[in-house]
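Here are some notes to read with the structure open beside you. They start with a term you'll want, then go from the sheet to the helices and on to a few annotated positions.

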Amino acid sequence: ASFNLLLLPGDGIGPEVMTEVGRVLTWLDKNSGATFETETDLVGGSAYDAHGESISDDAMDKAQKADAVIFGAVGGPKWDSVPYEVRPEAGLLRLRKDLELFANLRPAICYPALADASSLKRDVIEGLDILILRELTGGVYFGEPKEIVTLENGEKRAVDTQLYTTHEIERIARVAFELARARNNKVTSMEKRNVMRSGVLWNQLVSAVHKAEYPDVELEHMLADAGGMQLVRWPKQFDVIVTDNLFGDMLSDVAAMLTGSLGMLPSASLGAPDPETGKRKALYEPVHGSAPDIAGKGIANPIAMIASLGMALRYSCDMGDAADLVDGAIADVLASGARTADLAAKGQNSVSTSDMGDAILAA
Ligand code: NAI
Ligand code: MG
């Protein structure tokens with residue numbers, strides 16, 4: 001098979017960690033049996049500096065055609081005062097919107113070698129491997145009306161609207177069940193049906209999709225607040241958690257911190273399957289930002305970025321074995337004791353970004 005990837009390194013440490021992804025891709029191109037063609041383009045502040053917008057139409061065109069977009073990070077103090085419409089984040093938001101990336105996957109994996117870095121007890125998180133699936137393009141972040149109005153008595157009133165349609169709920173539910181089938185076959189759906197109409201509809205539609213199309217997968221419903229509690233009490237009870245945009249934003253950040261450093265966390269955002277080819281548009285990125293405080297020093301942790309490539313292999317290239325190889329190499333390198341500065345304990349030696357890349361390639 002042959003894959004076309006668009007690499008968008010972005011700003012700050014984005015290009016530094018993307019360099020290591022490039023090396024892994026070169027290795028895969030030689031050794032995996034698949035062929036990877038890559039193109040690289042600008043996004044974020046670096047794109048603004050080059051042509052006055054945070055992503056060009058040309059780059060958007062490439063993103064539409066690519067099998068997957070591999071995205072670094074954008075932003076930094078240099079661009080804090082550029083006009084709102086062309087601020088670095090606008091490039092990422094345009095990608096999400098134009099590619100209709102409605103399904104945001106955030107794995108929370110606890111590598112045994114890092115289990116002591118979590119704030120939770122080792123037995124609670126050691127071996128943790130769960131996936132939070134957040135609906136990314138609907139709900140209260142986008143629903144209209146959305147406004148602050150001044151009332152006749154001078155008081156102000158802020159309005160955000162939680163809004164979900166059948167189509168939006170069913171398509172995210174299907175992604176959840178598909179993901180679970182390829183993992184441990186369990187979905188937990190979280191909403192607040194006790195106080196929100198959108199929660200009632202969410203609950204009904206997830207159940208209906210389950211019954212009609214995925215009866216082989218175990219389905220459980222949980223109120224989102226109780227789910228948050230369970231996530232911290234005993235996270236290993238979950239496999240795939242599916243939830244709306246707002247609850248997913250919060251629960252995925254909580255889950256992320258069960259596992260240690262920001263430099264470890266990959267993510268994927270998927271669109272709808274093409275009716276003809278079945279392929280989904282997709283963007284893969286680390287959860288972290290451009291880390292201006294360490295940019296240019298060659299010390300950034302490339303694991304989140306490389307693990308994001310691993311997700312691209314799994315979900316866009318149908319190369320689960322290659323993805324397992326990447327994830328296994330990361331686990332082995334951590335077990336061998338190699339640590340970038342963000343992971344190293346006080347007084348412990350740390351390795352550079354490229355040393356970590358070397359070690360992962362060797363593994
Ligand atoms: P950040 O994630 O860039 O950094 C937070 C802290 O974590 C910093 O101390 C940083 O050094 C550390 N860190 C992050 N990634 C690391 C890595 N791979 N290796 C080692 N240490 C790492 O978040 P912050 O500081 O809030 O934002 C910095 C800039 O990034 C801002 O301009 C922000 O808007 C942008 N940002 C961009 C995102 C994106 O492109 N998707 C997401 C989050 C923030
Ligand atoms: Mg967030």
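1. A term before we start: two strands count as paired if DSSP finds at least two bridges between them. Keep in mind, too, that this is a predicted model.

2. With that in hand, look at strand 4 (residues 103–109) and strand 5. They run antiparallel and are joined by seven bridges. In this pairing, Pro107 sits opposite Leu131 of strand 5.

3. Ten strands make up an open sheet with mixed pairing, in the order 2-1-3-12-11-4-5-10-8-9. Which strands stand at the edges? They are strand 2 (35–40) and strand 9 (218–223); each has a single partner strand, so one side of each is left without a neighbour in the sheet. From one strand to the next, the twist averages 25°.

4. Two helices to find on the sheet. Helix 1 packs there, touching strand 1 (2–10), strand 2, strand 3 (68–73) and strand 12 (280–286). Its direction makes about 145° with that of strand 3. Helix 6 (residues 166–181) packs on the sheet as well, with contacts to strand 4, strand 5, strand 8 (186–191), strand 10 (240–243) and strand 11 (266–273). The angle between the directions of helix 6 and strand 5 is about 165°.

5. Helix 12 (residues 353–362) is worth a look down its axis. Its buried residues are Thr353, Met356, Gly357 and Ile360. What do the buried residues of helix 12 pack against? Their partners are helix 1 (14–31), helix 10 (303–315) and helix 11 (320–335).

6. On annotation: an unreviewed UniProt entry places the feature "binding site" at Arg96, Arg106, Arg134 and Asp225. These positions are spread over 130 residues of sequence and also spread in space, up to 27.4 Å between C-alpha atoms.

7. Take two of those positions. Arg96 is in helix 4 (residues 88–98), and Arg134 is in strand 5 (residues 129–135). Is each buried or partly exposed? Arg96 has 17 C-beta neighbours inside 10 Å, so it counts as partly exposed. Arg134 has 25 other C-beta atoms within 10 Å and is therefore buried.

8. Arg96 touches Leu101, Leu136 and Ser269. Arg134 touches several residues, among them Asn104, Thr243, Asp249 and Arg106, and Arg106 is itself one of the annotated positions.

Key
Residues numbered from 1 in each chain as written. Chains lettered and ligands numbered in written order. Predicted model: local features only at pLDDT ≥ 70, side-chain atom pairs only at ≥ 80, totals over all residues. Buried ≥ 20, exposed ≤ 12 C-beta atoms within 10 Å, placed from the backbone. Helix = DSSP H or I, 4+ residues; strand = E, 2+ residues; numbered from the N terminus. Contact = placed C-beta atoms within 7 Å. UniProt positions renumbered as here; feature names shortened; annotations may be inferred. Axes fitted to C-alpha atoms, helices over the stretch in contact; angles between N-to-C directions. Lists of a residue's contacts leave out its neighbours within four places in sequence.
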